[in-house]
Amino acid sequence: DLPNDLREVRRVLKPGGTVVLIVEAYKGGKHAKAMDMFATMMRPLGYSHLDVTGHRELLERAGYDRAQVFEDYDKGWLCAVGGA
């Protein structure tokens with residue numbers, strides 16, 4: 001369960017620490033068409049296919065402060081950041 005995994009990371013971070021997620025496969029990104037097909041095949045295995053907003057909400061649900069997501073669509077990646 002990804003939110004629980006991120007809660008565990010938050011638990012062991014130093015106070016004021018930061019988690020950074022670099023994501024190259026996300027819903028609505030530059031490679032969305034290929035990733036949508038992959039997500040459909042992987043869904044039975046519990047694959048989570050999140051968009052930009054979903055990554056921010058994921059960090060917020062896991063208890064991170066100052067959750068932000070920065071997307072560089074042209075390069076095909078996003079960076080999600082949250083503080084402990």
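Author: Begin with the nonpolar core, a set of buried nonpolar residues joined through side-chain atoms within 4.5 Å. The model is predicted, and its largest nonpolar core has 12 residues: Leu6, Val19, Val23, Tyr26, Leu58, Leu59, Ala62, Tyr64, Ala67, Val69, Leu78 and Ala80.

Reader: Which helices and strands each supply at least two residues of this core?

Author: Strand 1 (18–23), strand 2 (65–72), strand 3 (77–83) and helix 3 (52–61) do.

Reader: What does Tyr64 touch, leaving aside residues up to four places away in sequence?

Author: Tyr64 touches Leu6, Val9, Arg10, Leu13, Val19 and Leu59, and also Gly82, Gly83 and Ala84. Of these, Leu6, Val19 and Leu59 are listed with Tyr64 in the core.

Reader: How do I read the sides of a helix? Take helix 2.

Author: Look for the residues that are buried, with under 20% relative accessible area. In helix 2, residues 32–42, Ala32, Met35 and Ala39 are buried. They lie on the same side of helix 2, because they cover an arc of only 60° around the axis.

Reader: Which exposed residues are on the face turned away from the buried side of helix 2?

Author: That face carries Lys33, Met37 and Met41.

Reader: How do helix 1 and helix 3 cross?

Author: Read the distance and the angle between their axes. The axes of helix 1 (residues 2–12) and helix 3 come within 8 Å and cross at roughly 55°, which makes helix 1 oblique to helix 3. The crossing is right-handed. Helix 1 makes the contact through Leu2, Pro3, Leu6 and Arg7, and helix 3 through Leu58, Leu59 and Arg61.

Methods: Residues are numbered from 1 along each chain as its sequence is written. This is a predicted model: local features need pLDDT of at least 70, side-chain atom pairs count only at pLDDT 80 or more; totals for chains, interfaces and linings use all residues. Side-chain values use heavy atoms; hydrogens and water are left out. Buried means under 20% relative accessible area, exposed over 50%, partly exposed in between (1.4 Å probe, protein chains only). Helices (H or I, at least four residues) and strands (E, at least two) are DSSP runs, numbered from the N terminus. Contact means heavy atoms within 4.5 Å. The arc is that of the directions from the helix axis to the C-beta atoms. Axes are lines fitted to C-alpha atoms, for helices over the stretch in contact, and angles run from 0 to 180 degrees between N-to-C directions. Angles under 35 degrees count as roughly parallel, over 145 as roughly antiparallel, 65 to 115 as roughly perpendicular and the rest as oblique. A crossing is left-handed if the near helix is turned anticlockwise from the far one by less than a right angle, and right-handed if clockwise.
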